Amino acid sequence: MADETAGSRARNEVALAEIWNGISRWEFWLTLAWTDIRGRYRRTLLGPFWSVLNSILFISILATVYSLLWRIDLGTFLPFVAAGYFVWIFFASCIGECCSIFHAYGETLKTMPLPPMAMLVRVIVRNLMVFSHNLLVFVVIALCLGMPLAYVPLALPGLAFVALTALGLGTALAFLCARFRDFEQIVQSLLQILFYISPILWLEKLLPEHATWLAQLNPIYHLLRNVRDPMLGSIPPYSSYFAAAVVTAASLAIGLWAYLRFRDRLAFWL
């Protein structure tokens, strides 16, 4: 029993050192993320702004239709939808890509001494780069509508919560999907459901009083709000920051547990 405990402790120490090595090698995953962006849009005229154009079309059409249905001023509803949608795309893309990252680079992980954590951080950073392009679009929308941008820098702490939550959940799901490929489709279906039940295309105030818990108990709502409210010119309540901190801590704990528990088995699953 003592030998098993000592062996388990040693494996955990190695895994923790590997996690730190993967996170601290910022020049490595930053280069990989930038290479991914360049490779994806090589020989295109607008590069990553093609995805931005798709988002603009999607947001403009939905915001227009929903504003007419709910009789909401488009000048108010358009930036609300844009801010929420850009944050959601960042989160959902991180989760979805983490689910397939180990299989996508399985041969690389098996033949080169690369820490898997570096590949997961690579996904987060790559999507942060795409989010930065979307943020420029939101700034243009805000300037056209005469919205104040003084509180936009306050969105950075909220964005950090979203990124860390995506990293924690993405780590756990990456190992789960490496073992069971069917979970990739399950996760995509769950993300679609979560998109529609989260206040991204609808306002919380539209809910009846007895149904406001649908937003308040939704962890995505608080993660979104801490980024979206500063972008829209207001400061989120402390309760949202507290809820986001709890969700982030829980996600990181789950991700750490999955990494320590299944790291040694990853090579056999790929």
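**Exercise 1.** Decide whether W269 is buried or exposed in this predicted model.

*Solution.* Start with the cut-offs: buried means under 20% relative accessible area, exposed over 50%, and partly exposed in between (1.4 Å probe, protein chains only). W269 has a relative accessible area of 18%, so W269 is buried. Now try F262: at 19% relative accessibility, F262 counts as buried.

A word on the ground rules: residues are numbered from 1 along each chain as its sequence is written. This is a predicted model, where local features need pLDDT of at least 70, side-chain atom pairs count only at pLDDT 80 or more, and totals for chains, interfaces and linings use all residues, while side-chain values use heavy atoms, leaving out hydrogens and water.

**Exercise 2.** Classify the aromatic pair formed by F175 and Y259.

*Solution.* First, the rule: rings of Phe, Tyr and Trp (its six-membered ring) pair if their centres lie within 6.5 Å; planes under 30 degrees apart count as stacked, over 60 as edge-to-face and the rest as tilted. Next, the values for F175 and Y259: 5.5 Å centre to centre and 85 degrees between the planes, an edge-to-face pair. Finally, both F175 and Y259 are buried.

**Exercise 3.** Find how many aromatic pairs the structure holds, and which residues form one aromatic cluster.

*Solution.* The count of aromatic pairs is 15. One aromatic cluster is made of F58, Y85, F86, W88, F91, F195 and Y196.
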